[in-house]
Amino acid sequence: RNTSTPGAEVKSGVSARAMDPLIRKDAPEGAGSASSASKKNAGDGSSSNGDYTRLPESPEIEKGDGAWRFSSWMKMLRKAYGSKILLTIVLVSHLCVRFIPVSVSIGYYLREFGGVKAPEVQAYKAVARAPYAMSPLFGFISDALHFRGYHKAPYIAMSSVVAIVAYAIVGFTPVGMLSLPMVLAGFVTMNLQMEYCGLLVRAKYAEKLKSKPKYSTDLITFVQAGGTIATLASQIMAAYIIQNHGTRYVFAMSVIPALLPLYPVAVNLLQEQPEKDAPCVGIAKNTVRHGRQYLYLCLFMGAEALFLMILGVMPNSIHRCIWGLAASALLA
């Protein structure tokens with residue numbers, strides 16, 4: 001600061017206030033001399049009065065262009081949560097659950113099937129999505145019933161194997177050769193895999209979030225951003241295949257991403273620690289005993305979803321209305 005003349009001092013003080021964002025606007029005149037100390041405190045993310053508006057850079061993310069910052073962000077996620085859970089999320093949540101366009105393709109397949117009216121198409125699509133209403137029951141079963149001490153991997157493997165068979169049958173069989181109940185059973189098993197695998201992977205990374213909540217927003221961003229990109233890619237791919245080849249080829253192609261959840265199961269990317277001397281099939285008695293009310297609620301919701309699924313495939317609309325009214329009265 002030039003102190004030769006009073007006018008220069010006032011002028012330099014005003015310029016220091018205007019140029020230094022770390023000095024409060026309502027600070028006294030001597031705040032300009034503490035500018036360097038304020039910058040030092042703000043540089044390490046700390047401040048004495050908490051009134052600064054400049055936010056410090058995250059120490060885990062290095063500065064650079066977009067690709068470099070994304071690479072350092074991924075390194076930070078791998079260091080925080082491990083590569084195994086990130087690879088599991090990519091293979092199961094992104095490339096299987098969000099990439100396979102089952103919900104989009106069901107309506108087009110039923111239209112090519114022939115003899116199915118528009119209201120029936122909506123009813124059949126609701127039947128195919130019945131496993132999503134049973135997710136609480138699926139979660140309780142995986143917690144209470146284990147195989148060799150594993151609570152998640154066996155269910156991912158079983159649902160994936162059944163879904164792969166369904167994709168192969170629906171995808172490689174010409175439209176019209178299968179009966180409508182068989183087609184609907186295939187759609188139900190496809191959605192069963194996506195809901196069961198997605199539910200168990202969400203439960204697994206929820207455990208990671210609890211262990212290290214500091215980076216929870218970063219992990220959720222990774223999950224949601226990857227899922228959005230996978231969904232967009234699947235919509236584009238499904239539109240091209242349906243327009244140029246036919247809907248059944250979408251299901252034939254889906255055999256490959258349906259195989260991906262088997263890899264985390266084979267190499268234990270879920271990092272499950274089985275109990276010693278665990279039986280082949282065991283029941284967690286403490287889970288059943290302490291969650292009895294939750295079990296009743298899950299059974300009720302599962303039975304209701306199963307009843308609505310059966311109701312949706314009834315051919316006679318009169319019977320459908322009668323059973324629907326009876327179910328409504330029972331629930332009331």
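Tutor: Start with a term: buried means under 20% relative accessible area, exposed means over 50%, and partly exposed lies in between (1.4 Å probe, protein chains only). This is a predicted model, where local features need pLDDT of at least 70, side-chain atom pairs count only at pLDDT 80 or more, and totals for chains, interfaces and linings use all residues. Residues are numbered from 1 along each chain as its sequence is written, and side-chain values use heavy atoms, with hydrogens and water left out.

Student: What pLDDT does the chain average?
Tutor: pLDDT is the predictor's confidence in each residue, from 0 to 100. At least 70 is scored by 74% of the residues. The chain average is 79.

Student: How many helices and strands does the chain have?
Tutor: Both are DSSP runs, numbered from the N terminus: helices are H or I, at least four residues, and strands are E, at least two. The chain comes to 17 helices and two strands.

Student: What percentage of the residues count as buried?
Tutor: The chain has 332 residues. The buried share of them is 40%.

Student: Is Ser142 buried or exposed?
Tutor: Ser142 lies in helix α8. Leaving out residues up to four places away in sequence, Ser142 touches His151, Tyr155, Tyr196 and Leu200. Its relative accessibility is 3%, so Ser142 counts as buried.

Student: Which residues does Ser159 touch, not counting residues up to four places away in sequence?
Tutor: Ser159 is in helix α9. Ser159 is buried, because its relative accessibility is 5%. Its C-alpha atom is separated by 6.7 Å from that of Leu192, 33 residues apart along the chain. The residues touched are Gln193, Tyr196 and Cys197.

Student: At what angle do the axes of helix α5 and helix α10 cross?
Tutor: Axes are lines fitted to C-alpha atoms, for helices over the stretch in contact, with angles from 0 to 180 degrees between N-to-C directions. The axes of α5 (residues 102–113) and α10 (residues 180–211) come within 12 Å. They cross at roughly 175 degrees.

Student: Which term describes how α5 runs relative to α10?
Tutor: Angles under 35 degrees count as roughly parallel, 65 to 115 as roughly perpendicular, over 145 as roughly antiparallel, and the rest as oblique. The pair is therefore roughly antiparallel.

Student: How many nonpolar residues does the contact of α5 with α10 have?
Tutor: From α5 come Val102, Ile106, Tyr109, Leu110 and Phe113, which meet Leu180, Val183, Phe187, Met190, Asn191 and Met194 of α10. Ala, Val, Leu, Ile, Met, Phe, Trp, Tyr, Cys and Pro count as nonpolar, Asp, Glu, Lys and Arg as charged, and the others, Gly among them, as polar. The contact has one polar residue and no charged ones; the nonpolar count is ten.

Student: Which residues does Leu86 touch, not counting residues up to four places away in sequence?
Tutor: Leu86 is in helix α4. A relative accessible area of 5% makes Leu86 buried. The residues touched are Met74, Leu77, Arg78, Leu219 and Phe222.

Student: How far apart in space are Leu137 and Gly302, C-alpha to C-alpha?
Tutor: Leu137 lies in helix α8 (residues 135–144), and Leu137 is in contact with Cys298, Leu299 and Gly302, leaving aside neighbours within four places in sequence. Leu137 and Gly302 are 165 residues apart in sequence. In space the separation is 6.3 Å.

Terms used: Contact = heavy atoms within 4.5 Å.
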